[in-house]
Amino acid sequence: MSAAALEVDGVWKYYGDFPALRDIRLSIEPGSTVALLGRNGAGKTTLLRIIAGLSKASEGSVRIQEADVRQQATRRRIGVLGHGISLYDELSATENLVLFAKLYGLKEPERTAGEWLERTGLGRVRDGLVREFSRGMRQRLAVARAFMHEPEVLLLDEPFTSLDDRAITVLQSLLADAHAAGRTIILSTHQLREALEVATHVALIQRGRLAFSGERSQQMIDDLGWLYRTHGEN
Amino acid sequence: MSSFLRASYTIAAKDLRSEMRTKEAFNASFSFSLVILVLFSFAFDPSSEELRTISGGLLWLVFSFAGALVLNRSFARELQNDCLDALVSSPAPTSAIFFGKTLANFLLLMIVEIAALAVFAVLYDTHFSKQFWPVVLVMLLGTWGMTVIGTMFSALTVNLRMREMMLPTLVYPLLIPALMAAMTLTSDLMSGTPLGKDNLIWLRVLAGFDFIYTVLAVVFIDIVLVG
């Protein structure tokens, strides 16, 4: 059996005295698509930030392909799409993508940026400043930024929230391609239907604890409330 | 090392390009410098000998207040759209992110200072052509010290609600040795005293200050940005 793509081992996170995460243990196989579910404030974003190396766990550890997440080589394997679009308003679409392509050490930043602009339907506005873009265009550019370096592990925090139809189509297509290519995807979401349609596994977080972790079943799709009724707190 | 320098250059170029488009920091800091220099020119007799002796203090007060305006924007601009998260999660070393931002702030602040120095020379009828290069050296060293500490504290205070006030409150006490050295040296040079045995100690203080705080900032920036 191959090594876990991601290993979360006894992770606790305190904000002051408040434990936002309590002893989270999670092992994710390579090629899995995991829907990280839970109500507002359950700890999904905190967990994703720790996995992405944006925040340190108070206790416990996170390893991606058996390596520490803050190692430079490990970060190259991760793609993060958070709540914000993480793009500079005063730079053009091309300049934004070239900037991140360079930071990720891609060999031909301009060519790669151009390809991803075409792929996300932004080729004709490549030189437009991001501040002049519509919300949907900004979101598609954010998706391009997160996927451009073809990461082995994708961390997506509420990726479908407030996306327009076209951005949802682009994202779903890219997620399908990433899954087909054997990449590991972890996405936190409130939109159960969209998440369960693409997920192979489900993890449910309740008040900072991992309440359920396992394969996605047909029952979860047929009855969207089943998971929360069976494993969640009312 | 080459990936560190490449990432630093990429970040610095990004910050300078953003600033060239918005001119937010330059306009604010240069306008401020101009106003202070003009107001002081009303308060003092521009041709007096007394002015020569306080010129270092006046210039470095202007530089440090103008610097606070530039440095406050440094990490604050990364908050827009959560750009800081994308930078920190990228493979670029956090020290390279810091170094790139410091470099951009340093260049920007040097441009503001050179423009302010030209205004100072005209308004206060100052001639320092004989000591031009030593003055430039003091400006480079003093500005680097101010920029390193300012950029570090810009990262530290970026998530605070009162960051515009907190940054100068935290930075100025730390800057006292560097400002004292830069003020003394600038006053000496403006009065026609060359760099020599009497004031070389201040140049060493300035260089040592820059070295120590640059090393400390590079070592601790990961803790500041990630926790």
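Leaving aside neighbours within four places in sequence, Ala182(B) is in contact with Trp60(B), Val138(B), Gly142(B) and Leu206(B). In this predicted model, Ala182(B) is also among the residues with the most contacts inside the largest nonpolar core.

**Nonpolar core**

- The largest nonpolar core comprises 142 residues.
- Besides Ala182(B), the residues with the most contacts inside this core are Ala35(A), Ile51(A), Leu97(A), Val143(A), Leu155(A) and Ala203(A).
- Helix H5 (residues 94-123) of chain B supplies the largest share of this core, namely 13 residues.

- Strand E1 (residues 6-15) and strand E4 (residues 59-64) of chain A run antiparallel and are joined by 5 bridges.
- Within this pair, Leu6(A) of chain A is placed opposite Ile64(A) in E4(A).

**Six-stranded sheet of chain A**

- A second open sheet, with 6 strands, has the order E6-E7-E8-E3-E9-E10 in chain A, and its pairing is mixed.
- E6 and strand E10 (209-215) of chain A each have a single partner strand, so one side of each is left without a neighbour in the sheet.
- From one strand to the next, the twist averages 15°.
- Strand E3 (residues 33-37) and strand E8 (residues 184-188) of chain A run parallel and are joined by 4 bridges.
- Val34(A) has Ile186(A) in E8(A) as its bridge partner.

**Helices H3 and H5 of chain B**

- The axes of H3(B) and H5(B) come within 10 Å and cross at roughly 145°, and the crossing is right-handed.
- On the H3(B) side, the residues that meet H5(B) are Leu59(B), Val62(B), Phe63(B), Ala66(B), Gly67(B), Val70(B), Leu71(B) and Ser74(B).
- On the H5(B) side, their counterparts are Lys101(B), Asn105(B), Leu108(B), Leu109(B), Val112(B), Glu113(B), Ala116(B) and Phe120(B).
- The residues of this helix contact divide into 11 nonpolar, 3 polar and 2 charged.

**Glu49 of chain B**

- Glu49(B) belongs to helix H3 (residues 49-76) of chain B.
- Glu49(B) counts as exposed because 8 other C-beta atoms lie within 10 Å, and a residue is exposed if that number is 12 or fewer.
- Glu49(B) and Ser191(B) are 142 residues apart along the chain, while their C-alpha atoms are separated by 8.5 Å.

**Contact between chains A and B**

- The contact takes 27 residues from chain A and 22 residues from chain B.
- On the side of chain A that touches chain B, the elements giving two or more residues are helix H2 (72-76), strand E6 (78-81) and helix H3 (93-103) of chain A.
- H3(A) gives the most to this side, with 4 residues.
- The residues of this side of chain A divide into 12 nonpolar, 8 polar and 7 charged.

Technical notes:
Residues are numbered from 1 along each chain as its sequence is written. Chains are lettered from A and ligands numbered from 1 in the order in which they are written. This is a predicted model: local features need pLDDT of at least 70, side-chain atom pairs count only at pLDDT 80 or more; totals for chains, interfaces and linings use all residues. Two residues are in contact if their C-beta atoms, placed from the backbone, lie within 7 Å. Ala, Val, Leu, Ile, Met, Phe, Trp, Tyr, Cys and Pro count as nonpolar, Asp, Glu, Lys and Arg as charged, and the others, Gly among them, as polar. A residue is buried if 20 or more other C-beta atoms lie within 10 Å of its own, exposed if 12 or fewer, and partly exposed in between; C-beta atoms are placed from the backbone. A nonpolar core is a set of buried Ala, Val, Leu, Ile, Met, Phe, Trp, Tyr and Cys residues joined through C-beta atoms within 7 Å. Two strands pair if DSSP finds at least two bridges between them. Axes are lines fitted to C-alpha atoms, for helices over the stretch in contact, and angles run from 0 to 180 degrees between N-to-C directions. A crossing is left-handed if the near helix is turned anticlockwise from the far one by less than a right angle, and right-handed if clockwise.
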